[in-house]
Amino acid sequence: MDHPLPGRPTPAPRGGSPVPAEARAVEAFALRFGGPPALVVRAPGRVNLLGEHTDYNEGFVLPMAIDLGAWIAVRPRDDARVVLRSLDSGDEREFALDALERGQGWIEYVKGTAWAFQQAGARLRGWEGVLTGEIPIGAGLASSAALEMASARAFAAVADLPWQPVEAARLAQRAENAWVGVQCGIMDQLVVAAGREGHALLIDCRDLSTRAIPLPAGTVVAVLDTSTRRGLVDSTYNERRARCEEATRLLGARSLRDVTPDLLAARAGALSEGHLRLARHVVTENARTLAAGEAMTRSDAAALGRLMDEGHQSLRDDYGVSSPALDAIVSAARGAAGCYGARMTGAGLAGCAVALVAEPAAPAFVADLERAYRAATGLRARVHLSHPSAGAALRPC
């Protein structure tokens, strides 16, 4: 999910290349805190290839961590306070670990992570840090999960706790559900914590087992930013999750993951048209996600692309979370050079789409897409070509 920390492009020095986010965080830390940090934490964003709105229905998802992330330069403190400056929003927040209170803004994702760790019995230690990020905010690329997992990695490192990616993901999900108030599933936090370089993760959201699968040979993932935004807490995300739970009860199932196409057809009369459409998306999306994993195992880019196309149609027509801008950028992608398939990604309603592209055709794909999307909408598409990244990690300074 996406946190409300305003994004900002990495500044470029005159006549030079952009300053890497890690270097910005380290330099800003020294200026603010009068010395170097002890370590730097990075947690990636993510893009989901298939399996949208299935994670909170105990289904299957196929995300990958991307090479855009959140960075925190960190140094332990001798007290129980956390002091964190954000370069992107330009403000500084702090809180006491022994007196946590809910508030507003981006710091709630850090505070909520601390709360979840302490609820699980962890003894935390205070730290000071500088935060910066590369993930566009509100774009459906899991910027909030990146902030949560970067915070989790920092808390674990400073308190000398063992790093357990799956458990940390569970705690970060609890923070977002119970502290922030977004009833998200586990997908974002788990792939951000446990992503594997060069691979997507096929995740079973019931038992949290994962299988790392490489992208089809000769392909690259294009993240397609529509330049439109939405906020999850104020969106219909929680409402759709509640309606899925209602449909599950009406179908007499443990979760929509357990509903087969035959059962859905037989019990369709028990559901309203709206509940039926939501359930139909989840049932068919689970099947598409498993089929996509098999296609990737065969390195079958064409099959994976077709499944992505079908997934977008289902999200648009059954789940109702596409938008004119998302539909336009998906259409532009499908007409561009080298595209195997495309779909919206993330919670929907705004933000990003994702496309699978033949890597040799990537420059032509970008040019074709930008031209077609601007002609259709008047908006600028921002395209980021990405290979799968590793999950949350720390680097000693």
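Is Cys244 buried or exposed? I looked this up before anything else. Cys244 is buried, because its relative accessible area is 0%, and the cut-off for buried is under 20%.

**Entry: the model**

I noted that this is a predicted model. I checked the confidence next. The pLDDT averages 93 over the chain, and 94% of the residues score at least 70.

**Entry: overall build**

I counted eleven helices and twelve strands in the chain. Along the principal axes, the C-alpha atoms fill a box of roughly 65 × 55 × 35 Å. I compared the radius of gyration with the value for a compact globule. A compact globule of 397 residues would have a radius near 21 Å, and the chain has 21 Å, so the two agree.

Buried residues make up 56% of the 397 residues. Of the contacts with a separation of 6 or more, 74% join residues 24 or more positions apart. The chain exposes about 15,100 Å², and carbon and sulfur atoms supply 50% of that area.

**Entry: cysteines**

How many disulfides does a search of the whole structure find? I got zero. A disulfide is a covalent bond between the sulfur atoms of two cysteines. I went through two cysteines to see the reason. For Cys244, the closest cysteine sulfur is in Cys205, 13 Å away, which is too far for a bond. For Cys184, the closest cysteine sulfur is also in Cys205, at 11 Å, again too far for a bond. Cys184 counts as buried because its relative accessibility is 1%.

In soluble globular proteins, nonpolar side chains tend to be buried together. I looked for such groups here. The largest nonpolar core has 76 residues, and Trp127, Met149 and Phe155 touch the most other members. Helix H3, residues 143-158, gives the most to this core, with nine residues. Apart from this core lies another, of 23 residues, including Leu251, Ala253, Leu278 and Met344.

**Entry: helix H10**

Which residues of helix H10 are buried? In this helix, residues 324-334, I listed Ala325, Leu326, Ala328, Ile329, Val330, Ala332 and Ala333. I then looked at what covers them. The cover includes helix H9 (301-319) and helix H11 (362-377). Strands S8 (219-225), S9 (339-344) and S10 (352-358) are also part of the cover.

**Entry: Arg42**

I found Arg42 in strand S1, residues 39-50. Arg42 counts as buried because its relative accessible area is 13%, below the 20% cut-off. Leaving out residues up to four places away in sequence, I found that Arg42 touches residues including Asp67, Trp71, Ser389 and Arg395. I also took one distance along the chain. Arg42 and Thr54 are twelve residues apart in sequence, and their C-alpha atoms are 27 Å apart in space.

**Entry: Thr248**

Thr248 lies in helix H6, residues 237-251. I recorded Thr248 as buried because its relative accessibility is 7%. What does Thr248 touch, not counting residues up to four places away in sequence? I wrote down Ala253, Arg254, Ser255 and Leu256. Ala253 is also one of the residues of the 23-residue core.

Terms used. Residues are numbered from 1 along each chain as its sequence is written. This is a predicted model: local features need pLDDT of at least 70, side-chain atom pairs count only at pLDDT 80 or more; totals for chains, interfaces and linings use all residues. Side-chain values use heavy atoms; hydrogens and water are left out. A nonpolar core is a set of buried Ala, Val, Leu, Ile, Met, Phe, Trp, Tyr and Cys residues joined through side-chain atoms within 4.5 Å. Buried means under 20% relative accessible area, exposed over 50%, partly exposed in between (1.4 Å probe, protein chains only). Helices (H or I, at least four residues) and strands (E, at least two) are DSSP runs, numbered from the N terminus. pLDDT is the predictor's confidence in each residue, from 0 to 100. The radius of gyration is taken over C-alpha atoms; the globule rule is 2.2 Å times the number of residues to the power 0.38. Contact means heavy atoms within 4.5 Å. Accessible areas come from the Shrake-Rupley method with a 1.4 Å probe; for residues, only the protein chains shown count as cover. A disulfide is a pair of cysteine sulfur atoms within 2.5 Å.
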